[in-house]
Amino acid sequence: MTRDRGIPNRRIPKPLQPQPGRRSDNSSSPGQPNPASGRPTFPPQPDPLKQETSHQDGPPDDRPEAKWKYLRNWKLAVILGLVMTTGLTALSIGFLFKLPAVPNCPSIFWPLASASLRMHCAQLAANKQTVNDLLEAIKLVNSLPPDHPLHNEVNRFVEQWAEDILRLADEAFHAGKLKEAIDVARKIPFNTSAHDQIEKRIEKWQSIWAEAEAIYGRAEDSLRKQNWRKASSEAARLLSIDNNFWQTTKYQELTEIITATRQDISKLAKAKDLIDRGGVTNLLEAVKLVSSINEKSYVYQEAQETVAKVGQEMMDLAQARLDRKDLSGALDIISKIPPNTKLQREIEDFDVIARAQSKAWGGTVADIEAAIAQAENLQLGRPYYEKAQKLIARWQLEKSDVAQLERARQLAQSGKSDDLAAAIAQASLVPSDNPRSKEAKQLVDQVSSQMQEMQDRPILDQATQLANSGDVNGLQSAIDEAKRITSRRTLYGEAQDKIGQWRSQIARLQDQPILDQADTLADAGDLPSAIGAAQRVSSSSTLYDNAQAKVQNWQNRIQAERNLQAARDAANGGTPDALSQAIGLADGVPGASSLRSEANQAISQWSQQILQAAIAQAETDVAGAIATAQKIPPRTEAYAAAQLQIQAWKKTIGR
């Protein structure tokens with residue numbers, strides 16, 4: 001993706017070479033580089049010919065003879081010419097290949113340095129393209145006065161270097177270094193056009209950065225709420241952010257976090273399902289799942305809460321086992337609670353309490369004292385200290401009444417009436433707020449029941465003997481005797497069962513002959529008399545419901561006979577209307593009646609007669625035949641044939 005970052009790509013200018021022929025502002029020693037030109041300065045070279053002449057002794061010989069003497073020695077002249085030519089050539093080549101010495105910019109004393117030297121060193125620094133070097137380059141040349149010949153050229157380079165600094169700041173921004181980018185941008189000198197862009201560019205960077213951070217924050221919030229789909233949607237928005245760092249590094253980072261969080265959410269959901277199922281195995285599997293969630297995960301806190309919940313669930317299971325007096329089962333559960341539930345102190349205290357309670361189960365004073373000694377091992381500050389103190393207080397109360405309960409049980413064992421009464425009195429002394437009050441009440445109820453049975457059994461036995469006579473008087477006397485046993489007595493239920501049996505016997509003795517007579521009348525066909533006889537059975541009799549059922553059956557039979565007879569009378573008219581009326585009356589016979597099959601046969605017969613009448617009528621009155629055939633009711637044998645005839649007749653008349 002190409003972006004316009006506001007910094008054009010410009011070619012970095014080459015450093016200026018020192019200008020030849022320009023005089024140095026500072027004198028140089030022979031053979032040393034000139035600070036302005038960078039070239040070595042050499043002393044004037046002597047003329048070989050003059051040098052050679054200067055070595056001759058005496059004044060020059062101006063005589064013609066002497067001159068011609070030298071001219072005549074042509075060999076010497078040629079040799080001298082060759083020597084001079086070779087020397088000059090060598091000297092020229094030496095000067096040609098002798099490059100000027102490179103100035104050592106860091107060691108230059110800048111107050112005395114020339115403008116060209118400053119420019120040269122500034123370009124060398126700028127070519128490194130670092131912020132500090134570019135700023136150093138600008139600092140080197142900014143000291144030139146406005147009327148300096150190099151002022152315009154210096155301004156051009158300063159503008160270029162300022163643009164380079166702004167470009168480096170933009171690169172830092174896209175590398176994810178916002179603060180560094182802002183710091184770099186604000187180092188751009190005031191006297192450059194790039195400086196005018198600084199605040200606008202910084203504002204743009206900060207706006208882009210704030211938008212990216214907001215997107216990232218919303219994605220994190222969604223992950224904390226375990227909504228990874230929304231987080232993925234937010235993460236995709238980073239791809240449209242105008243910053244390489246957020247588009248690539250942060251987007252990839254967020255994507256990896258979302259993937260990991262999604263996996264953690266799945267683990268957490270599965271762990272919760274296992275917890276809901278319950279059981280030690282499922283709880284341990286749940287802990288294993290959530291324990292694999294990294295501490296940097298957005299659901300880590302909930303995972304830790306889940307671990308703690310599992311630990312508490314296992315503690316509750318152990319307590320339930322202990323409440324059922326299953327010490328080994330309770331201790332086995334707490335031994336499996338994982339260390340990362342951070343319940344080690346609670347587990348240790350539970351072990352102490354469980355063993356103390358198991359000692360108290362024996363119920364004797366010695367057992368209770370042993371339980372108290374065990375519970376006293378938990379000191380102040382322990383998790384189960386308060387619970388231990390409550391148990392100790394309870395057991396202290398129990399000690400005072402355990403002896404009374406033991407005495408009551410011993411008295412009850414004799415089975416004598418006086419001893420049973422004494423046992424009840426002894427157990428009743430245990431106050432209701434005592435931990436053993438429930439046990440005392442159970443003992444009182446048990447002994448009281450035993451006493452009531454001893455008192456009421458003779459009454460029930462006497463009633464049974466009276467009922468053995470088998471007559472109404474004896475049975476009634478037995479019922480009256482058994483009623484002496486009231487509802488709060490132990491044998492009340494047994495007495496009521498016997499009273500019910502004896503009443504049934506009386507009912508059979510008194511009302512069965514009446515019902516038998518009603519059945520005889522019904523079999524003889526005298527249903528009204530049978531109904532009258534059955535209605536004589538008293539509503540308090542055990543045979544009353546049976547008698548009423550027979551009455552209802554006989555009344556339905558009478559009504560069915562009346563309906564069927566009325567239908568036959570109507571059918572005697574022979575017309576389709578009369579037959580249709582007869583069918584309606586016969587259909588009123590109840591389905592449960594024994595006359596229903598007879599009614600069905602009659603209905604089928606009358607339906608056939610209506611169909612035959614319709615067929616005969618069709619020869620002269622097709623429309624009337626259709627109306628007649630439509631009177632045949634469904635569920636009869638003639639109905640299907642009648643429908644076929646109706647369709648055929650409708651076609652003949654064009655309907």
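Tutor: Helix α21 (residues 527-534) packs against helix α22 (residues 544-571) with the axes 9 Å apart and an angle of about 160°. Because of that angle, α21 is roughly antiparallel to α22. Angles over 145 degrees count as roughly antiparallel, under 35 as roughly parallel, 65 to 115 as roughly perpendicular, and the rest as oblique. Axes here are lines fitted to C-alpha atoms over the stretch in contact, and angles run from 0 to 180 degrees between N-to-C directions. Helices are DSSP runs of H or I with at least four residues, strands are E runs of at least two, and both are numbered from the N terminus.

This is a predicted model: local features need pLDDT of at least 70, side-chain atom pairs count only at pLDDT 80 or more, and totals for chains, interfaces and linings use all residues. Residues are numbered from 1 along each chain as its sequence is written, and side-chain values use heavy atoms, with hydrogens and water left out.

Back to the pair. The crossing of α21 past α22 is left-handed (the near helix is turned anticlockwise from the far one by less than a right angle; clockwise would be right-handed). From α21, the contact draws on Leu-527, Pro-528, Ala-530, Ile-531 and Ala-534. They meet Ala-547, Val-551, Trp-554, Gln-555, Arg-557, Ile-558 and Glu-561 of α22. Contact means heavy atoms within 4.5 Å. By class, nine residues in this contact are nonpolar, one is polar and two are charged. Ala, Val, Leu, Ile, Met, Phe, Trp, Tyr, Cys and Pro count as nonpolar, Asp, Glu, Lys and Arg as charged, and the others, Gly among them, as polar.

Now set a second pair beside it. Helix α12 (residues 300-323) and α14 have axes that come within 11 Å and cross at roughly 5°. That angle is why α12 counts as roughly parallel to α14. Met-315, Ala-318, Gln-319 and Leu-322 of α12 touch Glu-346, Ile-347, Phe-350, Ala-354 and Gln-357 of α14. Here the classes come to six nonpolar, two polar and one charged.

Lys-342 sits between α13 (327-335) and α14 (344-360). Its phi is near 60°, positive in a residue other than glycine. Most residues other than glycine have a negative phi. Lys-342 is exposed at 66% relative accessible area (exposed is over 50%, buried under 20%, partly exposed in between, with a 1.4 Å probe and protein chains only). Gln-226 also has a positive phi, near 65°. Its loop joins α8 (198-224) and α9 (228-237). At 23% relative accessibility, Gln-226 is partly exposed.

Further on, Asp-242 lies in the loop between α9 and α10 (244-277). It is partly exposed, at 24%. Trp-205 is 37 residues away in sequence, yet 9.1 Å away in space, C-alpha to C-alpha.

Helix α20 (residues 492-523) holds Lys-498. With a relative accessible area of 22%, Lys-498 is partly exposed. Leaving aside neighbours within four places in sequence, Lys-498 contacts Leu-460 and Thr-464.

Last, the whole chain. It has 26 helices and zero strands. Of its 655 residues, 37% are buried. Among contacts with a separation of 6 or more, 59% join residues 24 or more positions apart.
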